[in-house]
Amino acid sequence: MWSSRLAFILAASGSAVGLGNIWKFPYITGENGGGAFVLVYLLCIALIGMPIMIAEVMIGRRGGRSPINSLRMLTQRDGLSSRWTWIGWLGITASFLILSFYSVIGGWALSYVGQSAGGIFTGSNADSIGALFGGLLSDPWTLLIWHSVFMVLVITIVAGGIRSGMEKAINILMPILFILLLVMVGYALSSGDFAQGFAFLFQPDFSKLTTEGVLTALGHAFFTLSLGMGVMMAYGSYLPKNVSIVKTAVAVSVVDTAVALLAGLAIFPLVFANGLEPGSGPGLIFQTLPLAFGQMTGGVLFGTLFFALLVVAAVTSAISLLEPVVEWLEEQKGIGRLSGTLIGGISIWVLGLFTILSFNEWADVHPLNFIPVFENKTIFDLLDYVTANLMMPLGGLFIAIFVGWFMNKQAIENQLDIHNGFGFKIFMFILRFITPAAVATVFIYNLI
Ligand code: TRP
């Protein structure tokens, strides 16, 4: 059991806050034209993400076990089909695929810790920073080393069961990351083109929004909150009965969104002040923040600390991605903790090689070009697209339908402690109609 509500919020935020907030959110916002995309993303968080998080935590707390077993228990108790446990399988597969590329990006952050500490950014300009990043991407061996270091870190923590010690450390490190982000926003305010960056993020221009952009926003709402794959069910199973699920889910969502918006506010003023391209893709933060670290006083220290904390945030999320895979190997295949972690971790590491090659040797390989929605996508793009834009929303859809239409109503009321009041009706309405309709519409539009 979590010692308190706060402990749960910190742990769930540890999973939620990661590369999704600081690396992915700014670059997909840049690619999708800014304001209108951000607005859709915020709506997705509030209207779809938060209700699904509540639903997941609730399933986990009522079931009290690992996601698949919680689902199995609930379906048995309520006399439902055992097929609902497939949500759990979907989640394990998605975790496996996500971690394979997540680790490669975590490796980029690791390599930037060293670059920062070595003072490489000092006195640099947009061109030299761009070249530095381009050099990293074009070199599969360096990427391989950092990807390996990242996976070793994650495997060691998951295998060693040293999570409780780690959780204490996270509780100190995450607030520091938050403060550093504020420092970066302060720098952007004083030295960047803050007005333009702010307008880019918050002034919606709907002519820039595409249907794929809407799907990306929806998928990212799931990705950034660690939803649709049972991770929040796992955390929910440790939540004490007297804690309000609704309040906690709202708190986690707010923290997560705040981190993403702060990252955007730190990055876009620099993008515009330095004449960079907002839609330049996955390298965006690695090509903008180093400029700030190269110019500001104490930049070597701030830069090193920032990338180190980004690694910590990435590792804490990565743990929550490896854990379900290991748990599955342990429960279903009877493999021990250490072997399970090694088998899972090494398989994921191998799959990561495909992502590494997507940035250099195989940059022009688009294996599913014959399918329109997958056109021009590298293997990395495909892994990202299939997990975030298809698997997670699908998992979320099933969770919404399960709780909205099938789960025992009395149990839901008890879990949420909002007995048939107005809030309860809204919650059920969202899960029954809004979420399924939204996910289905966005899916159909994109597939057609
Ligand atoms: N939410 C994390 C991020 O934003 C990524 C992540 C960790 C995740 N665990 C997850 C996403 C489980 C989906 C499901 O970086």
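A: Trp405, Phe406, Phe429, Phe433 and Ile434 form a nonpolar surface patch of about 480 Å². Patches consist of residues with over 30% relative accessible area and no salt bridge, like charges being joined within 9 Å and nonpolar side chains (Val, Leu, Ile, Met, Phe, Trp, Tyr) within 5 Å. A salt bridge here is a side-chain nitrogen of Lys or Arg within 4 Å of a carboxyl oxygen of Asp or Glu, and accessible areas follow the Shrake-Rupley method with a 1.4 Å probe, only the protein chains shown counting as cover for residues.

The model is predicted: local features need pLDDT of at least 70, side-chain atom pairs count only at pLDDT 80 or more, and totals for chains, interfaces and linings use all residues. Residues are numbered from 1 along each chain as its sequence is written, and side-chain values use heavy atoms, with hydrogens and water left out.

At least two patch residues come from each of α16 (379-406) and α18 (422-447); α18 gives the largest share, three residues. Helices are DSSP runs (H or I, at least four residues), numbered from the N terminus. Trp405 belongs to helix α16 and counts as partly exposed because its relative accessibility is 41%, between the limits for buried (under 20%) and exposed (over 50%).

Around the ligand there are 16 residues, of which Ala16, Gly20, Tyr102, Phe223 and Ser320 come nearest; a residue is included if one of its heavy atoms lies within 4 Å. For polar contacts (N or O pairs within 3.5 Å), a polar side-chain atom of Tyr102 lies 2.5 Å from a ligand oxygen atom, and one of Ser320 lies 2.9 Å from a ligand nitrogen atom. The protein buries 100% of the 360 Å² that the ligand exposes when taken alone.

Technical notes
Buried means under 20% relative accessible area, exposed over 50%, partly exposed in between (1.4 Å probe, protein chains only). A polar contact is a pair of N or O atoms within 3.5 Å; within protein, one must be able to donate a hydrogen and the other to accept it, and residues adjacent in sequence count only if both atoms are side-chain atoms.
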